[in-house]
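I opened the model to look up its pockets and its salt bridges. My notes follow in the order I took them.

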Amino acid sequence: FITIDDHGAELSRIYDKLNGRDVLWDADPKYWKRHSPILFPNVGRHFGANYLHKGVSYPSKAHGFARDTDFVLVEKTKSSITHRITSTEETRRDYPFDFTLEVTQTLKDNEILIAWTVTNTGDDTMYFTIGGHPAFKVPILPDTRYSDYKLLFHLSENPAYLLVDKETGTILKDQTLQLSLTNGACPLTDHMFDNDALVFDHLIDWAGIGYPDGTPYVSVTCPGFSNFGIWAAVNAPFVCLEPWLGRADDYGFTGELSDKPDINKLPKGKSF
């Protein structure tokens, strides 16, 4: 079964009844106080903690405001829940667009299907990024260690990734690295996330965490997503698999929001 909080429409528990265990991170604030926040209207940070729209500078905070907003419960069935937020006078001060965001989360057998629907209710084109940030417990089996587990990919080549500038939270676009895979797998290491997240552009539509024997423990499928992040807090017993549509700014980017790479552009009256 799953539990979803009205605050942030956040998936807060995944309980595996077959194996009698919790899969989702429990939000222990010693490491990280969240379970699976929704990142909107921005994934990551804007350079300088602000962005330009039509020449006006607006302040922003990491990962936007949706994760810290109380959603309205719109519909609840035996297997799904839909939540909604809408723009307000308060949101328009820092994000000058009128919108609704609906989040539907459906439990189907041993899969959770998550749908985000953004609707532009204003008169101008709307610009945003959106993403997920679920954290899964690692290790999950008794008598195993974090470093016994693996990252899994459906890739035939080693994927390129970027690192985060820790001071600004933006992406070091000119410092490309490669993750070394063997049969689509890469061991987790104790220091893999010392420099924050691994950021992938235009490659990942499936990623998983493997048990010590390499078989999948949990996976995220996100076909057509432009970006993907993998992260864990230092020495924390979890790993985040993060499907993103857009991401943090490149380090030093000071252009218009409309010119940001991988920005989603939504005409008035349209839904995404």
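I sorted the lining of the second largest pocket by class and got 15 nonpolar, four polar and nine charged residues. Here Ala, Val, Leu, Ile, Met, Phe, Trp, Tyr, Cys and Pro count as nonpolar, Asp, Glu, Lys and Arg as charged, and the others, Gly among them, as polar. This pocket holds about 550 Å³ of space. Its lining has 28 residues, and Arg45, His63, His133, Asp196 and Trp231 are the closest to its centre. Strand E16 (164–165) and E24 are the elements that give two or more residues to this lining.

I noted the terms. A pocket is found on a 1 Å grid over the protein atoms alone, as an open set of points where a 1.4 Å probe fits, with protein on both sides within 12 Å along at least five of seven lines; a lining residue has an atom within 4 Å of a point. A volume is the space filled by probe spheres set on the points, which are joined across faces, edges and corners. Strands (E, at least two residues) are DSSP runs, numbered from the N terminus.

The model is predicted: local features need pLDDT of at least 70 and side-chain atom pairs pLDDT 80 or more, while totals for chains, interfaces and linings use all residues. Residues are numbered from 1 along each chain as its sequence is written, and side-chain values use heavy atoms, with hydrogens and water left out.

Next I looked up the largest pocket, with about 1300 Å³ of space. I found 42 lining residues, with Ile14, Asn110, Glu111, Ile112 and Ser219 nearest the centre. By class they are 28 nonpolar, eight polar and six charged.

Then I turned to salt bridges (a side-chain nitrogen of Lys or Arg within 4 Å of a carboxyl oxygen of Asp or Glu). The structure has 13. Asp249 and Lys260 form one at 2.6 Å, N to O. Both lie in the loop between strand E24 (238–245) and strand E25 (264–266), so the pair ties together parts 11 residues apart in sequence. Asp249 and Lys260 are buried (under 20% relative accessible area, with exposed over 50% and partly exposed in between; 1.4 Å probe, protein chains only). Salt bridges with shared partners join Arg34, Lys61, Arg67 and Asp68 into one network.

Asp68 counts as partly exposed because its relative accessibility is 33%. Lys61, at 45%, also counts as partly exposed.

Key: Helices (H or I, at least four residues) and strands (E, at least two) are DSSP runs, numbered from the N terminus.
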